[in-house]
Amino acid sequence: MRIVLVEDNESLAQGVANALRDQGYAVDWLNDGDEAYRFLASEGGDIAVIDINLPGLNGVEIVRALRKQGSGIPIIMLTARSDLSDRVTGLDAGADDYLVKPFDMAELTARIRALSRRRADIQTGIREIGLIQFNQTARTVIGPAGPIDLPRRELALLECLMDHSGRIVSKERIADTLYGIGSEVEANAVELLISRLRRKLANTGVTIRTARGLGYLLDDTPA
């Protein structure tokens, strides 16, 4: 799962991002409201955690703008204020939940899990390409010979490639999606994951092609 964290307090953001990454989440961290809105509007994410007080657009303005354009990304708002009116304003703008600082990481992760389950209840999440069926809700992949066992990173890689099916996805975009923007990733980490996933998709009618110097492309055209 990819979480977009929008928080201008660097020490708090680093602490939250590291704790989430330790639990297996990919985290993109942004500290400016204008930049965060552009990123969420174009790149999206699975869940956004947005502080209210930000340079540029504030958190409420980001949420309103995203909802106006039709984005359904689940949003948790962070605020140092405890006034009821501030919480109501955030929820009325389109936020799904809120947390008042200071908060416990256990509570934040519990709320993230709750929003993830709620979203899964709404979406069937079943996608097909070639001879494979990917159930995004159950996080399972079925091929012509039965279930295909994919570890978390390989599953996220397949999802990323399916999101751009028929189009080239750069190695940098894949790394950002799987590990989060700014994460320190070994140069060959994406290549190794591509190689493993390619082997597991053999005989499924799905091909991962390499576009030299550009990235990778997923399609169901025979090799």
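Leucine 197 is buried, with a relative accessible area of 0% (buried means under 20% relative accessible area, exposed over 50%, partly exposed in between, with a 1.4 Å probe and protein chains only). The model is predicted: local features need pLDDT of at least 70, side-chain atom pairs count only at pLDDT 80 or more, and totals for chains, interfaces and linings use all residues. Residues are numbered from 1 along each chain as its sequence is written, and side-chain values use heavy atoms, leaving out hydrogens and water.

Leucine 197 is found in helix 8; helices (H or I, at least four residues) and strands (E, at least two) are DSSP runs numbered from the N terminus. Between leucine 197 and glutamate 154 there are 43 residues in sequence, yet their C-alpha atoms are 6.2 Å apart in space.

The largest nonpolar core has 27 residues, of which Leu158, Leu161 and Ile174 touch the most other members. Such a core is a set of buried Ala, Val, Leu, Ile, Met, Phe, Trp, Tyr and Cys residues joined through side-chain atoms within 4.5 Å. At least two residues of this core come from each of strand 7 (132–135), helix 6 (152–163), helix 7 (171–179), helix 8 (189–200) and strand 12 (215–219). Helix 6 gives the largest share, six residues. Apart from this core lies another, of 19 residues, including Leu54, Leu66, Ile73 and Ala93.

The table gives contacts (heavy atoms within 4.5 Å), leaving aside residues up to four places away in sequence.

| Residue | Residues in contact (heavy atoms within 4.5 Å) |
|---|---|
| Leucine 197 | Leu150, Glu154, Leu157, Leu158, Leu161, Ile208 |
| Isoleucine 174 | Leu157, Cys160, Leu161, Val169, Val190, Tyr216 |

In helix 3 (residues 59–68), the buried residues are Gly59, Val60, Ile62, Val63 and Leu66. They lie on the same side of helix 3 because they cover an arc of only 160° around the axis, taken from the directions from the helix axis to the C-beta atoms. At the N-terminal end, asparagine 58 caps helix 3, with a side-chain oxygen 3.0 Å from the backbone nitrogen of valine 60. Just after helix 3, glycine 70 has a positive phi of about 100°.

The largest cavity holds about 50 Å³ of space; a cavity is a set of points on a 1 Å grid over the protein atoms alone where a 1.4 Å probe fits but cannot get out, and lining residues have an atom within 4 Å of a point. Its lining includes Ile52, Met77, Asp86, Arg87 and Tyr98. Helix 4 supplies the largest share of this lining, four residues.

Conventions: Polar contact = N/O pair within 3.5 Å; in protein donor to acceptor, adjacent residues only side chain to side chain. 1 Å grid on protein atoms, 1.4 Å probe; cavity = no way out; pocket = protein on both sides within 12 Å on 5 of 7 lines; lining within 4 Å. Points joined across faces, edges and corners; volume = space filled by probe spheres on them.
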